[in-house]
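Open the model in your viewer and have the selection tool ready.

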Amino acid sequence: MLTLRALSFEDLKVGMVEELKKSVSSQDIVGFAEISGDRNPIHLSEHFAAKTPFKSRIAHGLYTASLISAVLGTRLPGPGAIYLSQTLKFMAPVFIGDDVLVRVEVGELIPEKCRALLKCTCSVDDKIVLKGEAIVKVPTRSELDVPV
C-alpha cells in the first residue's frame, strides 16, 4: 500500500514518475466483482474460463485500471487531485498471481487550469497489459494548505 503524499501543481515537473507493484489475488478479483457487480464467469469460474482463449480466470480490465487510480489518489499527484478523464487500451490479460507494475508519468502540465496529463501503463513481466492517459486537476500550494 502506498503512503500518502500530496503534491501541489507547483511541485510537479514533466517526467516525474511514480510506480506501484501489486500481486493480483483471487480475493482481489472476487472483491472487485462484488463491488462492481461484474460477475462475468471469465473472472470467477475456473471451469468457464478454461473454455476461453485465456484458459484460466482473468482479472477485470477495470480492476487493473483501478490500480492507476491508487497511484493518482495517493502519490502522483496525491490527495486533493481530481480525476477528469482517463483513456484506456487493454493490451493483454492479467491472471491471478500476476505482479502488475503500474507506472504513472507526468507528460504535460497545463498551468492555466492547474491540470496535468499523466501517461499511465500497467505491465506484467515487462509486457504492457494496459496503457492510457489521465487528465487530473491538481490543487495549488495554497489549496493544499487549507485546513481540513
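Predicted model: local features only at pLDDT ≥ 70, side-chain atom pairs only at ≥ 80, totals over all residues.

**Stop 1: the core.** Select I68, V100, V102, V104 and L118. In the largest nonpolar core, which has 32 residues, these five touch the most other members. Now colour the elements that give two or more residues to this core: helix α1 (26-36), helix α4, and the strands β4 (99-110), β5 (115-124) and β6 (127-137). Which of them gives the most? That is α4, with 6 residues.

**Stop 2: around L118.** Keep L118 selected and show its contacts, leaving out residues up to four places away in sequence. L72, L76 and P77 touch L118, as do V104, E105, V106 and G107.

**Stop 3: the aromatic pair.** The structure holds 1 aromatic pair. Select F32 and Y63 to see it: the arrangement is edge-to-face, with 5.9 Å centre to centre and 75° between the planes. F32 sits in helix α1 and Y63 in helix α4, so select both helices to see how the pair links distant parts of the chain, 31 residues apart. Are these two residues buried or exposed? F32 and Y63 are both buried.

**Stop 4: the surface.** Stay on helix α4, which spans residues 61-74, and select L62. L62 counts as exposed because its relative accessibility is 52%, and the cut-off for exposed is over 50%.

Definitions and conventions. Residues numbered from 1 in each chain as written. Heavy atoms only, no water. Helix = DSSP H or I, 4+ residues; strand = E, 2+ residues; numbered from the N terminus. Buried < 20%, exposed > 50% of the residue type's maximum accessible area, 1.4 Å probe, protein only. Core = buried A, V, L, I, M, F, W, Y, C linked by side-chain atoms within 4.5 Å. Contact = heavy atoms within 4.5 Å. Phe/Tyr/Trp six-rings, centres within 6.5 Å; stacked < 30°, edge-to-face > 60°.
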